[in-house]
Amino acid sequence: MQLPVILVNFKTYPEGRGKRGILLAKAAENVSSEYSVNIAVAPQLLDTINIAQNVEIPVFSQHIDTKEPGSATGHIDAYTLREFGVSGTLLNHSERQINLRTIEEAISIAKDAKLKTLVCAGTIPMSQAVSILKPWAVAMEPPELIGGDVSVTTRPNIVKLAVEAVTNGNPDTLPFIGAGVKKADHVDAAIQLGAKGVLLASGVVKASDPEFVMTEMAKILKTVK
Ligand code: G3P
């Protein structure tokens with residue numbers, strides 16, 4: 001996957017579900033193709049497969065479960081997601097936490113199903129701990145900044161330490177950063193500080209013109225590449 005990556009998490013925001021979710025994913029696809037910048041989306045779980053079937057950009061699930069397929073009712077199956085064109089999954093988002101052992105199991109199942117794994121961590125030590133498990137990427141998101149108006153990039157030391165922690169855990173795991181990342185300048189700062197991607201939500205999903213916001217971000221990425 002081309003770096004850096006902007007990964008837009010639709011959460012369960014009404015602005016990003018159902019038909020509006022498809023339009024949002026299409027807007028991300030337009031910007032991605034116009035500016036040759038990698039934008040991925042993580043739609044609401046129930047919309048994931050439908051959106052994966054409707055866009056060419058990478059689509060991530062917001063979560064997977066760790067039950068092997070078969071005698072398991074009501075679980076989110078990694079292999080089914082993959083079969084329908086989903087590229088990866090978030091794990092351990094601050095709003096959908098799982099324990100370290102389950103993270104390890106989920107990474108293993110996702111690898112077998114050929115899904116990329118982006119594991120979220122709320123602290124610097126946790127970023128290193130999950131990076132040791134060799135996921136594709138780790139996104140450090142201070143929980144107190146999620147959904148707010150203060151970007152994590154206004155705390156450059158935290159971003160630098162998070163990038164270092166992920167790389168120390170496993171040099172091949174990509175460091176991402178998130179929480180309060182809403183503007184092109186925030187994306188620029190994250191990349192300048194060593195992140196290989198940003199994980200963001202409200203700044204795009206709840207914007208009055210999400211395509212405009214993503215376009216501004218893509219333009220900045222073109223200049224820092
Ligand atoms: O998954 C991204 C998220 O937790 C950050 O949310 O709204 O601060 O960009 P937001």
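This is a predicted model: local features need pLDDT of at least 70, side-chain atom pairs count only at pLDDT 80 or more; totals for chains, interfaces and linings use all residues.
Residues are numbered from 1 along each chain as its sequence is written. Local features need pLDDT of at least 70, side-chain atom pairs count only at pLDDT 80 or more, and totals for chains, interfaces and linings use all residues, while side-chain values use heavy atoms, without hydrogens and water.

A cavity is a set of points on a 1 Å grid over the protein atoms alone where a 1.4 Å probe fits but cannot get out. Grid points are joined across faces, edges and corners, and the volume is the space filled by probe spheres set on the points. The count is 1 cavity of 30 Å³ or more. The largest cavity has a volume of about 120 Å³. Its lining (residues with an atom within 4 Å of a point) holds 15 residues, of which G147, A179, G180, L200 and A201 are the closest to the centre.

The structure also holds 2 aromatic pairs. Rings of Phe, Tyr and Trp (its six-membered ring) pair if their centres lie within 6.5 Å. F60 and W136 form a tilted pair, with 5.7 Å centre to centre and 40° between the planes. F60 lies in strand β3 (residues 60-61) and W136 in the loop between α5 (124-131) and β6 (137-140), so the pair ties together parts 76 residues apart in sequence. Strands (E, at least two residues) and helices (H or I, at least four) are DSSP runs, numbered from the N terminus.

F60 is buried (under 20% relative accessible area), at 0%. W136 is buried as well, at 16%. Ring pairs link F60, W136 and F176 into a cluster.

Methods
On a 1 Å grid over the protein atoms alone, a cavity is a set of points where a 1.4 Å probe fits but cannot get out, and a pocket is an open set with protein on both sides within 12 Å along at least five of seven lines; lining residues have an atom within 4 Å of a point. Rings of Phe, Tyr and Trp (its six-membered ring) pair if their centres lie within 6.5 Å; planes under 30 degrees apart count as stacked, over 60 as edge-to-face and the rest as tilted. Buried means under 20% relative accessible area, exposed over 50%, partly exposed in between (1.4 Å probe, protein chains only).
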